[in-house]
2 protein chains.
Amino acid sequence: MSNNNVMRIQDLKQACKSCSLRDLCLPLGISPNDLELLENIISRKRPVHRGDVLYQAGHPLSCLFAVRAGCIKTFIITDDGEEQITGFHLPGELLGLDAIIHDVHPCTAVALETTSVCEIPFDQLEELASHTPSLQHQLFRIMSRELQSDEQLMLLLGKRASDARVAAFLLNLSDRFGQRGFSRREFNLSMSRIDISNYLGLAVETVSRMFSRFQTDGLVEIDRRLVTILDVDALQEIAGIRTPNDQQSMRQSDTHS
Amino acid sequence: MSNNNVMRIQDLKQACKSCSLRDLCLPLGISPNDLELLENIISRKRPVHRGDVLYQAGHPLSCLFAVRAGCIKTFIITDDGEEQITGFHLPGELLGLDAIIHDVHPCTAVALETTSVCEIPFDQLEELASHTPSLQHQLFRIMSRELQSDEQLMLLLGKRASDARVAAFLLNLSDRFGQRGFSRREFNLSMSRIDISNYLGLAVETVSRMFSRFQTDGLVEIDRRLVTILDVDALQEIAGIRTPNDQQSMRQSDTHS
DNA sequence: CGATCGCTTGATTCATGTCAAGCTAGGTGG
DNA sequence: CCACCTAGCTTGACATGAATCAAGCGATCG
């Protein structure tokens with residue numbers, strides 16, 4: 001807690017234009033002038049901690065949240081108390097877009113580790129976007145990206161066996177860490193095995209078994225939550241993603257009834 | 001084919017302001033002036049037929065499509081040829097939003113029956129939206145709605161047993177038909193059992209068995225593709241959606257670890 | 001009238017869930 | 001500092017729901 005002040009001051013100073021995430025987050029492709037306007041409506045909160053709730057299902061939408069560091073999970077919860085995790089959100093991602101339609105959050109968002117977020121009042125953002133075509137465009141792009149990644153998850157949940165789900169999960173994380181300038185090869189899981197199994201629609205035991213199997217097969221090394229990817233190609237094969245070489249030869253179109 | 005011309009003329013006359021779908025589709029909440037501008041960029045195509053492709057995965061994004069009558073399925077297709085249907089789209093829904101991020105359609109869209117659509121050039125729509133806050137807002141709402149319905153499907157695919165998936169599917173269709181002014185009780189499935197099974201992540205045989213079971217249990221009557229819902233409450237129970245009465249007593253919050 | 005396609009139904013197999021037990025790291029209190 | 005406790009994870013044994021395989025039915029179409 002002694003360095004809380006230090007972090008807060010640092011946070012408040014760090015604006016979008018100097019943020020390392022500007023190419024992933026809202027500011028992408030926005031002119032310096034417009035960027036300044038955007039910065040004015042964004043507030044940088046001091047870090048939230050593991051287990052802290054950003055917003056809860058049922059709460060009215062007031063702000064969107066951009067993850068700056070750390071990791072946030074979002075999940076929907078049914079009447080009978082079952083949860084389905086809808087995403088693990090890494091730096092540069094925007095949360096709360098699914099709340100726009102009813103002005104109410106359908107998901108709960110919880111920090112998986114110490115995480116810092118930017119808070120963006122949605123009505124102000126929308127107002128600004130209506131004068132700022134590039135911002136509007138970027139918002140459309142972000143929502144579209146979300147739609148596409150949802151489709152990928154549907155495919156995983158609907159069609160893939162347990163080993164493919166786990167492999168795809170690891171590769172997806174690896175890739176996203178890589179995009180953010182971290183190692184694609186070695187990274188930490190901020191979510192528990194239970195979270196992973198929930199997200200992938202599997203039992204915890206199944207996830208654990210797949211981790212073990214991949215490890216004995218020499219594809220990864222997993223020590224507690226530290227993952228080291230050893231054989232990307234093999235994992236891609238399992239995940240149902242052909243390697244670039246194979247892709248060429250496997251390609252075929254017009255094969256639907 | 002003899003009434004093709006008749007339909008075409010009728011189509012071209014029918015503008016957004018007189019369209020029965022204006023409360024579901026883009027025009028919602030848009031002023032008459034703005035509506036006229038919107039109408040100018042929308043073209044009404046004559047009907048497409050069963051099996052016709054609206055757009056194919058990999059094609060560049062040029063237009064969004066609004067369904068006016070009929071039904072369109074969208075699906076992603078993996079390198080190894082597996083398909084996952086991502087949605088069945090009824091009148092008033094907008095297709096192609098997932099293509100914005102990369103200017104390329106990730107999905108293929110195919111008509112399940114004779115279907116008429118409005119074609120909306122995306123760049124013009126975006127341009128218009130940047131001058132028309134109400135249109136921008138409506139676009140955000142539509143994308144947000146899509147995100148939410150994706151989350152529902154994830155829950156279904158990740159957590160629910162086969163009977164719950166099929167029950168939820170029937171109730172969802174029933175509800176959407178109801179919203180469009182059709183009967184909630186009796187409707188036609190425009191998709192095959194294979195499509196349903198693909199969408200729900202099940203085998204065809206399982207879907208068929210569930211239909212049979214629901215029928216012998218007196219919950220529905222299914223004759224070929226004509227569905228009659230007989231016991232909504234029981235279906236909701238199976239789908240994991242409590243009836244309004246139960247909901248009250250079952251409610252509980254703050255039950256996450 | 002026969003062929004085909006979409007669907008249903010039954011028998012069997014298999015992947016994954018469930019149950020149960022044990023392990024390990026990290027935290028807590030004596 | 002050690003012993004215990006707990007939570008999270010792993011591993012094994014077993015149960016089961018849904019996939020697969022196989023056969024037959026019925027409507028539609030040429």
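Tutor: Begin with the term: a salt bridge is a side-chain nitrogen of Lys or Arg within 4 Å of a carboxyl oxygen of Asp or Glu. Note also that this is a predicted model. As a general idea, side chains of opposite charge can pair when their charged atoms come close. In this structure, B:Lys45 and B:Glu119 form such a bridge, with their closest N and O atoms 3.0 Å apart.

Student: Which parts of chain B does the pair B:Lys45 and B:Glu119 tie together?

Tutor: B:Lys45 sits in the loop between strand 1 (43-44) and strand 2 (53-55) of chain B, while B:Glu119 belongs to strand 8 (residues 116-121), so the bridge ties together parts that are 74 residues apart in sequence.

Student: Is B:Glu119 buried or exposed?

Tutor: B:Glu119 has 16% relative accessibility and counts as buried, because the cut-off for buried is under 20%. B:Lys45 is partly exposed, at a relative accessible area of 39%.

Student: How many salt bridges does the structure hold over all chains?

Tutor: The count over all chains is 20 salt bridges. One of them pairs B:Asp80 with A:Arg160, with 3.7 Å between the closest N and O atoms. B:Asp80 lies in the loop between strand 4 (72-77) and strand 5 (83-89) of chain B, and A:Arg160 in the loop between helix 4 (133-159) and helix 5 (162-179) of chain A, so this pair joins two chains. A:Arg160 is buried at 10% relative accessibility, whereas B:Asp80 is partly exposed at 29%.

Student: Which helices hold A:Asp163 and A:Arg213?

Tutor: The side chains of A:Asp163 and A:Arg213 meet in a salt bridge at 3.1 Å, N to O. A:Asp163 is in helix 5 of chain A and A:Arg213 in helix 7 (residues 204-216), so the pair links parts that are 50 residues apart in sequence. A:Arg213 is partly exposed, with a relative accessible area of 35%.

Student: What is the mean pLDDT of chain A?

Tutor: The general idea is that where pLDDT is low, the predicted coordinates should not be read in detail. For chain A the mean is 88, and 88% of its residues reach 70 or more.

Student: Where in chain A does pLDDT stay under 50?

Tutor: One such stretch is residues 1-9, for which the model has four contacts beyond four places in sequence. Another is residues 244-257, with eleven such contacts.

Definitions and conventions:
Residues are numbered from 1 along each chain as its sequence is written. Chains are lettered from A and ligands numbered from 1 in the order in which they are written. This is a predicted model: local features need pLDDT of at least 70, side-chain atom pairs count only at pLDDT 80 or more; totals for chains, interfaces and linings use all residues. Side-chain values use heavy atoms; hydrogens and water are left out. Helices (H or I, at least four residues) and strands (E, at least two) are DSSP runs, numbered from the N terminus. Buried means under 20% relative accessible area, exposed over 50%, partly exposed in between (1.4 Å probe, protein chains only). pLDDT is the predictor's confidence in each residue, from 0 to 100. Contact means heavy atoms within 4.5 Å.
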